Amino acid sequence: MRAQSSATADLPIAVTAPRDRRGFGTLQAALGVIAFSLTFPATAWGLEGFGPWSLVAVRSVLAAFIAGGCLLALRVAPPARRHWPGLAVVGAGVVLGFPMLTTLALGTSTTAHAAVVVGLLPLTTALLSALRVGSRPSRVFWVAALAGAAAVVAFTVQQSGGALTTADLYLFAALLVCAAGYTEGGRLARVMPGWQVIGWALMLCLPLTVPAAAVALAVEPVTLTAHSVTGLLWVAAGSQFLGLIVWYRGMAAIGIPKASQLQLAQPLLTLVWSVLLLNEQLTVAAPLTAAAVLVCIAVTQRARG
């Protein structure tokens, strides 16, 4: 009987939560999007005092110390063996891959441009979710998601003069690894608390991030300023840990496809932060594109399936 229950828990399930729970799940996912929208401006601040490799490695180590402290204080038992491959995917995608690739991209790209390109993440996550966990959103959902993706692609081509830049290649690679991490994290959050999903993924990466941080700090120059320290602390505690906690809880409550489409608002929010925090000058195309994909949120959230 116990084996049967355990197996059933790992199967893809439809979200049938009460409306108030779905509303709370939507709120948690939205809070995650707000936290993520500050990641690129915070990374730009961090790069003022840290090298790209140092910033990514140190942020992961700091986030792991926070997560490890919580796991130790609450005496949380390690996950079952069958969950570790999924946690490895989460670690490779959202702990290592996405931060490193986007940080490298921000070395030559503005946060506004990077934010709108990452607007493809909702569609990428929904596609991988359909393949991995068997979710089946409606045709209306896919039409709205594709419309938002088309706007992002058009913006990318227009901004790069018709050719992809090295930064764009970094960003598109980041989309794939992050979507894989989100999908696995959302699946695992159905069988364990969301904070434990990201917590164990961070701990799993420690054997790589600790030596990487030591080497990077020895090689790359470090200048501690208010901006660089604030940026580092935010991407470590806000983006890498707290934001992912509420994000995975939201995905578990309302489903991976619908939660992912809330990220259509992320480019618009990041554009606002880039103006307020970085004094970036926006082209007309950037806010128009962000607004266009934002319109798709209402459609995807109301779509059935």
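## Leu 202 and its surroundings

Setting aside neighbours within four places in sequence, Leu 202 is in contact with Ser 60, Ala 63, Ala 64, Ala 67, Val 95, Gln 240 and Phe 241. Keep in mind as you look around that this is a predicted model.

The largest nonpolar core has 62 residues, and Leu 202 is listed with Val 94, Tyr 182, Ile 198, Leu 244, Trp 247 and Tyr 248 as having the most contacts inside it. Helix α11, residues 226-254, gives the most to this core, supplying nine residues. Apart from this core lies another, of seven residues, including Phe 50, Ala 57, Ala 213 and Leu 232.

Next comes Gly 91, which lies in helix α5. Gly 91 has a relative accessible area of 0%, so it counts as buried. Between Gly 91 and Leu 202 there are 6.3 Å in space, C-alpha to C-alpha, although the two are 111 residues apart in sequence. Beyond its neighbours within four places in sequence, Gly 91 is in contact with Leu 96, Ala 201 and Cys 205.

Thr 103 also has its place in helix α5, which covers residues 84-105. Is Thr 103 buried or exposed? Thr 103 is buried, because its relative accessible area is 1%, under the 20% limit. Again leaving out neighbours within four places in sequence, the contacts of Thr 103 are Thr 43, Leu 47, Pro 52, Leu 55 and Val 56.

## An enclosed helix

Thr 43, one of those contacts of Thr 103, is among the buried residues of helix α3. Seven of the eight residues of helix α3 (residues 39-46) are buried, so this helix is largely enclosed by the rest of the structure. Besides Thr 43, the buried residues of α3 are Thr 39, Phe 40, Pro 41, Ala 42, Trp 45 and Gly 46.

## Aromatic pairs

Finally, have a look at the rings. The count comes to four aromatic pairs.

Elsewhere, ring pairs link Phe 36, Tyr 182 and Trp 247 into a cluster. Tyr 182 and Trp 247 were also named above for their contacts inside the largest nonpolar core.

Terms used
Residues are numbered from 1 along each chain as its sequence is written. This is a predicted model: local features need pLDDT of at least 70, side-chain atom pairs count only at pLDDT 80 or more; totals for chains, interfaces and linings use all residues. Side-chain values use heavy atoms; hydrogens and water are left out. A nonpolar core is a set of buried Ala, Val, Leu, Ile, Met, Phe, Trp, Tyr and Cys residues joined through side-chain atoms within 4.5 Å. Buried means under 20% relative accessible area, exposed over 50%, partly exposed in between (1.4 Å probe, protein chains only). Helices (H or I, at least four residues) and strands (E, at least two) are DSSP runs, numbered from the N terminus. Contact means heavy atoms within 4.5 Å. Rings of Phe, Tyr and Trp (its six-membered ring) pair if their centres lie within 6.5 Å; planes under 30 degrees apart count as stacked, over 60 as edge-to-face and the rest as tilted.
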